[in-house]
Amino acid sequence: MDKILEALVSSSHPVPVKRAIVKKVIEAAEKEVTEEQCRALYHLTTRLILVGEDAFQRQVGHQVQEAYARYHREEFARFFSKEYVIGLLQQGYGSLECRDPAIMDYLHSSLRLLISCPAVLELAPLLQTEVLRIICERPEPATCAKLAIILTDFPQCIPREKAGVLFCQQLVRAFAYFHCSASEERELREYVTQVTRVSTLVQGIWKAEPATLLPSLQEVFAVISSTDPSFEPSIALASLVQHIPLQMITVLIKSLTTDQNVKDASMTQALCRMIDWLSWPLANHVDTWVIALLKGLAAVQKFTILIDVTLLKIKQVFNRLWYPIVRQAALVVLSHMLLSFQHSPEAFHLVVPLIVPLVQSLNTDGLPNSKTFLLQLAELVHCMMYQYSGFPDLYDSILESITGLPKPSEEKIKFVLNQSAWTSQSNSFASGLLKLTGKSETGKTGLVNLGNTCFMNSIIQILFMATDFRRHVMSLHLNGSNTLMKKLQLLFAFLAHTQRAAYSPRSFLEVSRPPWFTAGSQQDCSEYLRFLLDRLHEEEKTLLAPKVACPKPEPASLSAEAIHSAAGQPVADVPSHSDPVVDGGDGRTLVEHMFGGRLSTAIRCFKCHRLSEKEEPFTDLSLAFCPSMSQPCQGAVNGGSESSETYVKEAGTRTERTVGEPALSVPDLVDYFLAPEILENDNCYFCEHCGSLQRAEKVMRVVEAPEYLILTLLRFSYDATCHVRRKILDNVDIPLRMSLPLNQCNSSASSFSSTAVPSSSSPESGENLAKKLKPSQKEEGIKKRESNDSDLEAMSIPYVLSSVVMHSGMSSESGHYYSYGRNVSSTDGYVPHPCPNNQGSSSLSKSSTATQEEIGCIDHKSTDWFLFNDSRVTFTNFQSLQNVTSRFPKDTAYVLVYRKQEVRGHHSNAGAVVKTSRLSGEPPLQKELMDAITKDNKLFLQEQELNARARALQATSASCSFRPNGSDDNEPPGSCGPSGGGGGGGFNTISRLVF
């Protein structure tokens, strides 16, 4: 058979004919064949595989050998004997040298054919010796990569125990000789792939045999610290760094920098070569190790090494910024080197000529991360020019190139420089460890800022702190749904039950962000709140619509701006479910039940005294500021300096008040919102009865009070004279309790003719409220005489403050949002009886300033209030909330949420109190939500356990040393630990390390 096959592959027959005959030969493998025939075929196929003239012959060799080895495995095992393997590895085959990658491939394929045979175990000891000998001879990267593949598939062939330690050390030495001579991209990619395969093998050995880790690291340092001028180790060693556990940074760096046997020259060489590793494209954490070593040297005051290395390598590190794949790591190292080099401008001035070309390239390269990177670079440059001022000839071109980029404040620059100085480094490197933190002492969960998403975070937190709304959301049965309400329910569940300190609301941001909001930009939180409530309302209407036999006369829209904003926004497909949102049976949505109220707008003509009236729903009241008798300061929104006084003058308006005049309060703004407005001059009312424009009075009354009253202070106004958008910086007193006048119309009210009037609750018309004027004495008398015609019953509805969103800054498009909140239900501040408003006015000042005893409320603890600032949640108190604007003039209340309180002994009608608006206690967590939270909490606990083990490793590994012999017998127990003390053990306990 072997003669036929040999003649066939060497013949000139067409390839299809040859393939057909080869197929017959392969099929014959199933038949009985003598051992001599098998051996002859194995010799022939080996020759075809290793020295075949073309790809066809090598392919035939593989196919035939695989077929006969499968059916005659014992014969192949006897053929592939120890002697045969030694001959291949020591003498090669024919013209092939013993280190040729083709021989490694043949060895690998042959072992795979014997993978389930005892022969592999018999060959393992032999291969353990041979692979160690091969590695000691410093083979080329291609041969090492082939060998790594064999050892990965057959780990029993890896040397063990002492031989395993020696094997890892020699493998590190082999890495040092992995120099790249590639000139084409294809060759370079192949080289990187080969190095990666070998480093992956080393990682696997370190995991399986932790005792090999420390000797390997000692060998790495011995290689990179060599001062032999004829030897330059390859930067391929960087591929090993990413496999060293970060938890070992503190112990290893401290042991290294305090080892007296390490000379300064060797340390300098080692640090320079670690910086060279920044050029390796696939290595992670190189920057972390470089900075840790720089800090360690500063801690032991080896400033000479730091100075020499900085001046020698600073330009090389800067030039790495041109390459996007290593740019970020290089910038981290560059920043540390420049900011810590504070005794002289020499290092910074070495890179000054390189800055402008790089900035110009970043401005034009079009890469997605270039803009962010440029901001970081500009901040570093500003810090350095601040530190070394007085060189205008050097800095002029730089300043021109970074014009328009933000400049850090002087305070931030000083802080950064102070933290980065060599003299500020201690001998503890806890900052280099990745420590996880649990929830704050408040027990509340923060929200991660995903890039200018504080507007969303603050709104989510105040909705979560709306206790009854949260409970209703959590009680909904939305299993299998993909609606916005389901996303909100899941987010609320995580805020309530996660063990993380801060939760990332990325998925909720993606589905709830208005389409016109630019990702990554600051937005108006009030606009986001209206859009969110409107989306939730419209989604739920699709569920309720089929169940309502008679549709309501008018859609329960939320506000004019919300409807306009949500136009064209698709409503998510929602599954039907049988559970009503609120057990009221009136077909209203949860948003309407919790936040919906109704306003009555009435206009009375002064000539015919006829009344035109219309009711409209609202979810928030937009409160304008009263017009000031004093002229506000003029200026643009984005002007100003760092001082708060200058900001007030240049960027906003602040009403000047006389001495002794009480501060403006929220009830004052509500009074002003509900105060009568005289329609005259250019704003006259067209009376249909009179058929002409007439002076008239417009009055708005609340006829249905919401469970949660949302008040938006219209702080951002447009100045048509100066064509600028201003922020009103007036401090507004926020009462803990207040009352809202409610006017319930009886049946006679419907006899008046209806005329459509603009909704005063919409943001567009809210700013026009500043045009209101109080009625004259004559007109006031007319109103009093005809008050009986309206037949209104007035009462005051008590509210308590639930939460406040604060805006810090000078513009709605910039600044920062954070919020105050507390858990308040409808029974937390009850009053013994309703407070009738006998005067017929809407003044709230008296009721809002009533004493605690008068309104029957219990006081709240100072820990009832929480401050939500993105990821950070802290305890606070109501006094801090009241005083925040007086202490920080740019921080002003923007959105307020008040909770309606139940009136004891009063049974309301027609919407005075919404039925079933509260649930007793938190609803049980549904299985789908529980499963999601349980899964995430388990993941978090695993992360915490990893961190705890890392800290334990630091303590137990405290006596490690980088001395070549690894001896630590003369060191006191724990002398190298992060905090000293604790007992010995060194790296003998490294087996407990979790990779």
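Buried means under 20% relative accessible area, exposed over 50% and partly exposed in between, with a 1.4 Å probe and protein chains only. This is a predicted model, in which local features need pLDDT of at least 70 and side-chain atom pairs count only at pLDDT 80 or more, while totals for chains, interfaces and linings use all residues. Residues are numbered from 1 along each chain as its sequence is written, and side-chain values use heavy atoms, with hydrogens and water left out.

**Whole chain**

Of the contacts in the chain (heavy atoms within 4.5 Å) with a separation of 6 or more, 79% are accounted for by residues 24 or more positions apart.

**Helix 6**

Select residues 82–91, which are helix 6. The buried residues here are Tyr84, Val85, Gly87, Leu88 and Leu89. Their cover includes helix 3 (35–51), helix 5, helix 7 (101–113) and helix 8. After helix 6 comes glycine 92, with a positive phi near 80°.

Axes are lines fitted to C-alpha atoms, for helices over the stretch in contact, and angles run from 0 to 180 degrees between N-to-C directions. The crossing of helix 6 and helix 8 is right-handed, the term for a near helix turned clockwise from the far one by less than a right angle, with anticlockwise being left-handed.

On the helix 6 side, show Lys82, Val85, Ile86, Leu89 and Gln90; they meet Glu122, Leu123, Leu126, Leu127, Glu130, Arg133 and Ile134 in helix 8. This contact of helix 6 with helix 8 divides into 7 nonpolar, 1 polar and 4 charged residues. In this scheme Ala, Val, Leu, Ile, Met, Phe, Trp, Tyr, Cys and Pro count as nonpolar, Asp, Glu, Lys and Arg as charged, and the others, Gly among them, as polar.

**Helix 2 and helix 4**

Next select residues 15–27 (helix 2) and 55–71 (helix 4), which pack at about 15° with axes 10 Å apart. Helix 2 and helix 4 are therefore roughly parallel, and their crossing is right-handed. Val15, Lys18, Arg19, Val22, Val25 and Ile26 of helix 2 meet Phe56, Gln59, Val60, Gln63, Val64, Ala67 and Tyr68 of helix 4. The contact of helix 2 with helix 4 has 9 nonpolar, 2 polar and 2 charged residues.

**Aromatic rings**

Which residues form one aromatic cluster? Select Tyr42, Phe76, Phe79, Phe80, Tyr84 and Tyr106. Rings of Phe, Tyr and Trp (its six-membered ring) pair if their centres lie within 6.5 Å; planes under 30 degrees apart count as stacked, over 60 as edge-to-face and the rest as tilted. A search of the whole structure finds 26 such pairs.

One of them joins phenylalanine 76 and phenylalanine 79, tilted, with 6.0 Å centre to centre and 40° between the planes. The two are 3 residues apart in helix 5 (residues 73–79), so about one helical turn separates them. Phenylalanine 76 is buried at 0% relative accessible area, and phenylalanine 79 is buried at 2%.

Move to tyrosine 817 and tyrosine 894, a stacked pair at 6.3 Å centre to centre and 25° between the planes. Tyrosine 817 lies in strand 16 (residues 816–821) and tyrosine 894 in strand 20 (residues 891–900), so this pair ties together parts 77 residues apart in sequence. Both tyrosine 817 and tyrosine 894 are buried.

**Positive phi in two loops**

Most residues other than glycine have a negative phi. Arginine 138 has a positive phi near 55°. Look for arginine 138 in the loop between helix 8 (118–136) and helix 9 (141–153); at 26% relative accessibility, it is partly exposed.

Finish at asparagine 452, whose phi is also positive, at about 55°. The loop that holds asparagine 452 runs between strand 1 (446–447) and helix 23 (454–464). Asparagine 452 is partly exposed, at 36% relative accessibility.

Terms used:
Helix = DSSP H or I, 4+ residues; strand = E, 2+ residues; numbered from the N terminus. Parallel < 35°, antiparallel > 145°, perpendicular 65-115°, else oblique.
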